[in-house]
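This briefing sets out selected features of the structure shown below. The points are grouped by topic.

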Amino acid sequence: MNHAFTRPALTALGLLALGTPALAEGSVSVMSFGGAYQEAQRRAVFESYTAATGIRVEEQEYGGEIARIAAMISSGNTTVDVVDVDAPTLLQGCDDGIFERIDWAQIGDQSDWLDGTTSECGVGTIVYSTALAWDGAKLADGPAVIADLFDTAKFPGKRGLWKNPATNLEFALLADGVPADQVYEVLSTPEGVDRAFAKLDTIKSSAVWWEAGAQAPQLLASGEVVMTTAWNGRIYNANKEGQDFRIVWDNQILDSNYWAIPKGAKDLAASMAFIEYAVGPEVLAATTKYIPYGPVRVSAAEYVTPEDAANLPTSPQNMTVALTLDNAFWADNGDEIRKRFTTWLAQ
Amino acid sequence: MTATPGISPDIGRIRTFVAVRRAARPARRAAFSLALPLVGFLLAAFVAPILYLLVTAVDNPETRSVLPQTLTALEGWDGSSTPEEPVFAALAADLRAAQESSTAALVGKRLNYEIAGMRSKVLAAARMVAAMEAGPYRDTFLEKDGLWAAPETWSVIRRNGAELTPFYLLAAVDLKQSATGGLESVAPDQAIFLAVLGRTLLVAGMVTAFTLILGYPVAWVLTIAPKGVAAVMLLMVLLPLWTSLLVRTTAWVVLLQSDGVINAILMGLHLTSEKVQLIFTRIGTVTAMTHIQLPFTILPIWSVMRSIPATQLRAARSLGAGPVSAFWRIYAPQTLPGVVAGCLMTFILSLGYYITPALVGGPQDQMVSNFISTYINRDLNWGLAAALGVVLLVVTMAIYGLFLRLVGADKIRLG
């Protein structure tokens with residue numbers, strides 16, 4: 001009687017054991033930032049990947065906290081196969097060894113990627129920009145260059161700024177006349193940091209600091225500020241909801257997001273296959289239909305429609321003067337400058 | 001019964017006591033076994049994380065694990081000059097191994113906390129060493145970066161060979177170890193945490209004071225109001241407790257913003273001609289926090305007030321006390337246990353506030369928790385986050401202890 005029960009049970013277990021890897025092959029678990037961004041990825045990347053390969057994409061969302069990825073790995077149960085990370089997270093995660101190495105031979109020729117968007121731990125996917133924005137419904141003749149951010153005589157009123165020294169110190173130096181390619185050289189010296197803070201001092205009393213990306217367009221819409229630095233995708237989304245916000249592309253600061261594979265992902269080959277598909281030139285170009293973040297591959301440009309190109313930070317007409325955020329600089333000096341920034345804010 | 005010689009009455013009493021204890025042991029064990037699940041839960045969910053927090057605040061594994069040979073070679077170093085070739089050779093060997101196991105960045109990040117820029121210099125040195133066939137290394141290192149010639153660099157490395165480090169705890173109170181081993185303050189533009197701690201205490205204190213001023217009369221009215229009215233009032237006190245903290249905070253954003261409800265009313269009534277800056281200020285933060293904390297102060301006071309017979313006030317009046325005197329000398333002292341319990345609860349909860357100051361406050365209103373969250377989530381600097389947590393814990397315990405000392409444990413009652 002015991003045997004009669006045990007044998008089918010064992011067989012069933014054996015079948016299950018055989019069946020599990022087959023099931024796992026049928027899906028890939030992808031974690032991204034949620035919101036409009038992930039919605040765009042869903043439409044342009046995830047759905048077409050499932051259509052092309054039959055592999056389901058199981059989505060997860062997070063707020064970009066590297067701690068969450070690190071905790072998942074240290075608990076020994078990596079449930080995410082591919083994760084979308086921002087540049088500081090990639091750098092830090094690469095340093096801390098929480099991401100797998102990327103096999104670039106499989107992904108493609110690195111020279112097709114924009115400068116600074118390839119890494120041994122991550123594959124660049126989109127480029128976004130931090131730029132000055134203003135409300136066309138409230139100002140007839142708004143700011144046109146980055147120096148206008150600091151010109152309180154010409155444009156009286158409050159200014160929205162990201163509550164983070166990164167981008168603000170760069171904007172300060174750019175407005176102070178430092179050429180984009182020398183910004184980090186100047187910022188590497190104590191005098192350069194002093195100079196940036198001195199420039200920020202000139203608008204400190206009219207600064208309103210935002211922390212979450214959604215706050216910047218909200219500050220503009222509520223009339224709290226006359227202009228604000230903002231992430232270009234947020235401004236685009238506000239315009240889709242009926243606002244008339246304009247972006248000053250002059251001296252925008254570019255930064256990028258990456259696909260990375262957390263250590264211990266269950267099937268490295270499947271993760272790599274997904275990334276290879278997700279950064280295909282046509283797939284990258286398709287994403288721009290849903291959200292105005294520039295494709296990182298030069299070869300994707302030909303698939304982007306002219307209407308979408310007008311909103312992309314990477315389009316030739318918008319990328320006249322641009323600075324790429326140097327995340328290695330911030331990894332080295334961020335701790336010290338952030339503390340100084342905090343004391344400066346409280347003064 | 002006469003006392004047996006040699007056995008004093010005292011010992012007899014002790015024997016009786018022990019016998020009674022023994023007889024009651026099964027009952028005590030049964031009671032304790034019922035409490036076991038809770039004890040286990042507290043150990044796992046409360047005691048263990050706090051111990052882990054304390055350990056993380058002083059743990060210092062990076063340098064020991066990545067640069068073991070260098071630390072051994074540094075034992076003979078005089079501490080005031082650039083080390084000789086053997087130290088550099090040991091460092092090269094360590095970095096070569098680190099480059100292979102990609103752990104160079106770990107130690108680079110750890111040293112970067114103490115010397116800004118160290119991270120990339122360690123990484124660059126690791127890459128350089130990996131490309132070299134053989135030594136001598138000293139000159140190559142010195143040529144690569146002047147930092148390797150500085151004795152300070154080496155004393156930081158040597159100091160971090162220790163298993164435990166006071167670095168994070170010192171940093172959490174704006175101190176650091178000097179090259180000679182003594183304590184010194186960090187540079188003025190790097191000193192933030194004491195100010196943040198002071199601000200956290202100040203905001204928590206202000207919120208506690210305001211909830212008491214607003215809540216005490218409410219609690220009193222609740223006790224004397226007719227049943228029906230009191231029930232509705234109590235519901236209004238409790239309702240905010242049942243609403244998500246985030247929702248209440250965002251509601252305050254809507255009210256306080258420059259084009260918000262409050263400014264519209266002020267302007268509409270011509271009370272002010274210009275918009276008043278309410279959001280992103282200390283006033284906004286304290287207002288929103290006071291609203292959120294009110295129930296926590298009101299409920300203990302109310303429940304103590306309910307137990308005070310109303311007849312006492314009448315008796316005091318009939319014996320000739322004036323209304324103020326009767327209230328102040330008869331009623332108020334009896335509500336003290338509830339006041340202390342409510343204030344203590346609000347004060348301690350306010351110390352840990354995070355979301356409300358982040359959304360409603362300005363940069364001058366960020367509290368210790370905001371910094372802890374940044375160091376955990378963004379910087380992965382769990383050592384410093386843990387150290388800030390330890391400082392907050394110690395301050396909270398100290399304040400609790402001070403309260404107990406001042407009013408006595410028996411004076412704190414929730415009802």
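In which sense do S3(A) and strand S8 of chain A pair, parallel or antiparallel, and over how many bridges? The pairing of S3(A) with S8(A), which spans residues 245-260, is antiparallel and involves 4 bridges. The model is a predicted one.

**Chain A overall**

- The secondary structure of chain A consists of 14 helices and 10 strands.
- Chain A has 347 residues, of which 47% are buried.
- Among the contacts in chain A with a separation of 6 or more, 73% are between residues 24 or more positions apart.

**Strand S3 of chain A and its partners**

- Strand S1(A), residues 27-32, pairs with S3(A) in the parallel sense, over 2 bridges.
- Within S3(A), Val83(A) has Met31(A) standing opposite.
- On S8(A), Asn257(A) is the residue opposite Asp86(A).
- S3(A) therefore has a parallel pairing with S1(A) and an antiparallel pairing with S8(A).

**Helix H6 of chain A**

- Helix H6(A), residues 165-175, packs against helix H8(A), residues 190-201, with 8 Å between the axes and an angle of about 85°.
- Because angles of 65 to 115 degrees count as roughly perpendicular, H6(A) is roughly perpendicular to H8(A).
- From H6(A), the contact involves Asn168(A), Leu169(A), Ala172(A), Leu173(A) and Ala175(A).
- From H8(A), the contact involves Arg195(A), Ala196(A), Lys199(A) and Leu200(A).
- H6(A) is mostly covered, with 10 of its 11 residues buried.
- The buried residues of H6(A) include Pro165(A), Ala166(A), Glu170(A), Phe171(A) and Leu174(A).
- Asn168(A), Leu169(A), Ala172(A), Leu173(A) and Ala175(A), which take part in the contact with H8(A), are likewise buried.
- After H6(A) comes Gly177(A), which has a positive phi near 100°.

**Contact between the chains**

- The contact between the chains involves 25 residues of chain B and 27 residues of chain A.
- On the side of chain B that touches chain A, at least two residues each come from helix H5 (104-112), helix H6 (118-131) and helix H18 (368-377) of chain B.
- H5(B) gives the most to that side of chain B, with 4 residues.

**Helices H4 and H6 of chain B**

- Helix H4(B), residues 85-101, and H6(B) have axes that come within 8 Å and cross at roughly 95°.
- H4(B) is therefore roughly perpendicular to H6(B).
- On the H4(B) side, the residues that meet H6(B) are Ala92(B), Leu95(B), Arg96(B), Ala98(B) and Gln99(B).
- On the H6(B) side, the corresponding residues are Ala125(B), Ala126(B), Arg127(B), Val129(B) and Ala130(B).

**Domains and annotated regions of chain B**

- Chain B is divided into domain 1, residues 61-164, and domain 2, residues 193-411.
- Between the C-alpha centres of domain 1 and domain 2 of chain B the distance is 51 Å.
- In an unreviewed entry, UniProt lists residues 197-403 of chain B as "domain: ABC transmembrane type-1".
- The stretch 197-403 of chain B is 77% helix and 0% strand, with 19 Å between its end C-alpha atoms.
- The UniProt annotation "transmembrane region", also from an unreviewed entry, covers several stretches of chain B, including residues 31-55 and 228-245.
- Residues 31-55 of chain B are 100% helix and 0% strand, and their end C-alpha atoms are 34 Å apart.
- Residues 228-245 of chain B are 67% helix and 0% strand, and their end C-alpha atoms are 28 Å apart.

**Gly338 of chain B**

- Gly338(B) belongs to helix H16(B), residues 323-351.
- Gly338(B) counts as buried because 28 C-beta neighbours lie inside 10 Å, against a cut-off of 20 or more.
- Leaving aside residues up to four places away in sequence, Gly338(B) touches Pro300(B), Ile301(B), Ser303(B), Val304(B), Met305(B) and Arg413(B).
- Val261(B) is 77 residues from Gly338(B) in sequence, and the C-alpha to C-alpha distance between them is 35 Å.

Note on methods
Residues numbered from 1 in each chain as written. Chains lettered and ligands numbered in written order. Predicted model: local features only at pLDDT ≥ 70, side-chain atom pairs only at ≥ 80, totals over all residues. Buried ≥ 20, exposed ≤ 12 C-beta atoms within 10 Å, placed from the backbone. Contact = placed C-beta atoms within 7 Å. UniProt positions renumbered as here; feature names shortened; annotations may be inferred. Domains from an automatic or database assignment. Axes fitted to C-alpha atoms, helices over the stretch in contact; angles between N-to-C directions. Parallel < 35°, antiparallel > 145°, perpendicular 65-115°, else oblique.
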